[in-house]
Amino acid sequence: MRTFVAGQEAHGDIEFAELALGIDVELFRGPLEFETDDDRAAREDVARDVLADLRAEAAAGDEIAGWDALYADALTRTVPFLRSVRGHRSGTGEAA
């Protein structure tokens, strides 16, 4: 069975969520492979900015942005197994 969202085929659960919600999972969760400290800092800065934008849109009455902000914020609190074994920290550090 093939799954399509907005005319694009989703190849797995993560891709389906990204297409359906418009949230880049890797941006908020982090990559599954090694990430340098500089790359992580840059990714987390962008994630903080996107999360702040989503929260501002939610405060202005955009319910979908509010749900997206909750999902993105939850992703920042997940730690892929490979990173947790290496002792890398995760998350953008933003309070909910």
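Modeller: Happy to! Helices here are DSSP runs of H or I with at least four residues, while strands are runs of E with at least two, and both are numbered from the N terminus. This is a predicted model, so local features need pLDDT of at least 70 and side-chain atom pairs count only at pLDDT 80 or more, whereas totals for chains, interfaces and linings use all residues. Residues are numbered from 1 along each chain as its sequence is written, and side-chain values use heavy atoms, with hydrogens and water left out.

Let me begin with a pair inside helix α3. D45 and R48 both belong to this helix and are three residues apart, about one turn. Their side chains form a salt bridge at 2.4 Å, N to O; the term asks for a side-chain nitrogen of Lys or Arg within 4 Å of a carboxyl oxygen of Asp or Glu. In general, side chains of opposite charge can pair when their charged atoms come close. D45 is partly exposed at 39% relative accessible area, and R48 is also partly exposed, at 25%. On this scale, buried is under 20%, exposed is over 50% and partly exposed is in between, with a 1.4 Å probe and protein chains only.

Another pair in α3, which covers residues 37-59, is D37 with R40, again three residues apart and so separated by about one helical turn. Their salt bridge spans 3.0 Å, N to O. Here D37 is exposed at 52%, but R40 is buried at 12%.

A further bridge leaves the helix. The side chains of D73 and R55 meet at 3.4 Å, N to O. Because D73 lies in helix α4 (residues 63-76) and R55 in α3, this pair ties together parts that are 18 residues apart in sequence. D73 is buried, with a relative accessible area of 8%, while R55 counts as partly exposed at 25%. Through shared partners, salt bridges join R55, D73 and R77 into one network. In total, the structure holds five salt bridges.
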